[in-house]
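Please open the model and read these notes beside it. Each point can be checked by eye.

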Amino acid sequence: MQKAMQTDAAVFRTQTSLDEGVEKVSQIYETYKDVGIKDRSMIWNSDLVETLELRNLLQCATQTIQAAAARKESRGAHAREDFTERDDAKWMKHTLTWQHDMTKPEVEIKYRGVVGTTLDENECKAVPPFKRTTKRRRRVGLRRRRLEVVVSLVYAPMESTSNLGSLMPIVWLRLLNSGATRITRDHFGNAPTRFAPPGDFGFMVLLAAALVLAVASVSAHPQHTGRAIANGAWYQERDHPVTLFLLVHPAPQLAPLYPSLVDKPSEAEADIPAEWLAAYNAVKAAGKIPNIPIAVQTDILPTYGGQDLMSKEICSSAGKCRAPGDIWDAPDGMIGYSFDDGPWRGTDKLLDYLASVNTTCTHYLIGRNIAQFPQQALRAFNQGHELAVHTWSHPKMTSETDLGILVQLGWTMQIIHDISGGRVPKFWRPPTGDMDNRVRAIAKEVFGLTPVLWNYDTEDWSLGDPKPVYTPEQMADLIHKWVSGPKSPGLIILEHELYPLNIDIWINSTYAGANQYGWKASPIGPMLGLPMYQNADDNTSPVTEQDNMASVAPQGAGGGAGASSTSAPTSGSSGNSTPSSSKPTSSGSSSGASPSTTPSGGATRYAASVSSVAVAALLAAACL
């Protein structure tokens, strides 16, 4: 749908392109009947919401393009190249559209005349319509060719420059205007868009900045025939047989490098990094993963084919079975501040408040949310908060296959590792608290993860529902009861960073109550007297050096880590001011990166500085 609209219903249109677009969009609309979802839950069903949004977009696209094809004139953003003039005599009217049968793309089109008078002509006279002059169009047309030169110089080398390339839409969006001309598809890889180029002086500044930026980009990102892997870090104890994680591109362009943001990660072995499979197979062969059935979920608790979910063999945490190694309680007198499901709509408000009171917490992050909102996750890291695992797409883990568990944990650890300078999470929390001994074993034996649950639940995840489990007032009463009660054991309260309302309740109830009643607050790791990560004490301490290298991740890993063709940055480039240590080889080069493909630190810093100056010049010119 998007491609059809961009191609055939762009700002500059002809009857031929519009008619072709009507046919394409109608065909696409007919395929909606084949869309389905597997998730049937009534809570937090993002698949359902996105499917309904798709239907709405299809209806909008269908009615828009058919209305455009019927209007034989140019007016505003509707610029017909075969009807170049505005026709007030015939087309001074609004288009009204209906779809009487939502399953079909047929659209009824009617019109309503434009009201050409004011409510009180004596008080305010109406201004009659008049034609736009063509002088500005001719002037902008001359500038377009100049600007295309700048775009050609800048955009091509920046296609391989993920961080700087991500800044370019700021420049182009600043220059977007209701004015005169367009940039061709070849420069952007997207559909044409209307564009108002800068003046003569602005053009000269843009040209100079473009040349500098092009040189800097090529210097910082040489051509590669393969993907060099920089040093990473251990994900397990130092004597573990394999290294798990690679370093890939840091924020902000994360989403294309990881599994789907809609579906679960692929469980095909070809799509799973070899290191994870090797670790899993070794643990399985050693008999460390219990052979218990995959659970069937019910409205209450998971079932295991008649077996007792509270038995020693299964020990379902959904039924509150506590296994050795589980963390359910805080030490006496302590409260562990932690939040699930971020980064999401409440994250910025939470981080703002935590910064204002100089407090840190643990974030149990959903992998695909990090890929969508990497800057918020990176902000949490830079503020000193502990980053922990809450799976990639928030499934009930006991209903996943072994490989499903592997990729849910692995890809989430991977993306946290990549934005945090190579740090490997130490703690995780199963969605809805659903875990059994099979899930525990894969998390611990393959990934070295410690599960952290909770001893009090606010049910605040339901605040986005029409009928939440508790009202905000009831949640506040419950929290007051908990924080004003005994200090043994300590508190781990389940709370979420989903919406601003969640944060308001935490600020006014949990945080205020903890201060009022003398609780000692901390993120989970420090609360337990443990490091935040498996290979680093916190967000500023050095990262443990790596003893051997990870191989390249599979190219088909769901759009995953192996999809990039550029060399991986060192951990210091992912937003952390303290780069991880690297073990030099006998030749003096880093053990993880080929000296022929990875620029030296000085060269990289110089190129980045030059590029930053060039980007600043581009932004300044855009404002002229």
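Predicted model: local features only at pLDDT ≥ 70, side-chain atom pairs only at ≥ 80, totals over all residues.

1. Two packed helices are described by the angle between their axes and the distance between the axes. Here the angle is about 45 degrees, and the axes of α14 and α15 lie 10 Å apart. The crossing of α14 past α15 is right-handed.

2. Now look at the residues between the two helices. From α14, the contact uses D402, I405, L406, L409, G410 and M413. From α15, it uses R438, V439, I442, A443, V446 and F447.

3. Next, the nonpolar core. The largest one has 59 residues. Those with the most contacts inside it are L387, L406, L409, W428, V446, F447 and L449. Helix α14, residues 402-419, gives the most to this core, with ten residues. Another core lies apart from it, with 20 residues, including I479, W482, I503 and W519.

4. Take L387 as one example from the largest core. Which residues does L387 contact, leaving aside neighbours within four places in sequence? They are H363, L365, A377, A380, F381, I416, I419, P425 and Y533.

5. Is R429 buried or exposed? Its relative accessible area is 0%, so R429 is buried, the cut-off being under 20%. R429 is found in the loop between β11 (427-428) and α15 (437-447). Its side chain reaches the backbone oxygen of L453 at 3.0 Å. Not counting residues up to four places away in sequence, R429 touches S338, D340, Y364, V389, H390, V452, L453, W454, I492 and L494.

6. Check the backbone too. Most residues other than glycine have a negative phi, and most peptide bonds are trans. The bond from G342 to P343 is cis, with omega near -10 degrees. P343 sits in the loop between β8 (338-342) and α11 (347-356). A cis peptide bond also joins S488 and P489, with omega about -5 degrees. The loop between α16 (472-483) and β14 (491-494) holds P489.

7. Finally, look at positive phi values. D341, in strand β8, has phi near 75 degrees, although it is not glycine. D341 is buried, because its relative accessible area is 3% and the cut-off is under 20%. H394 has a positive phi as well, near 65 degrees. H394 lies in the loop between β10 (386-389) and α14.

Definitions and conventions. Residues numbered from 1 in each chain as written. Heavy atoms only, no water. Core = buried A, V, L, I, M, F, W, Y, C linked by side-chain atoms within 4.5 Å. Buried < 20%, exposed > 50% of the residue type's maximum accessible area, 1.4 Å probe, protein only. Helix = DSSP H or I, 4+ residues; strand = E, 2+ residues; numbered from the N terminus. Contact = heavy atoms within 4.5 Å. Polar contact = N/O pair within 3.5 Å; in protein donor to acceptor, adjacent residues only side chain to side chain. Axes fitted to C-alpha atoms, helices over the stretch in contact; angles between N-to-C directions. Left-handed = near helix turned anticlockwise from the far one by under 90°.
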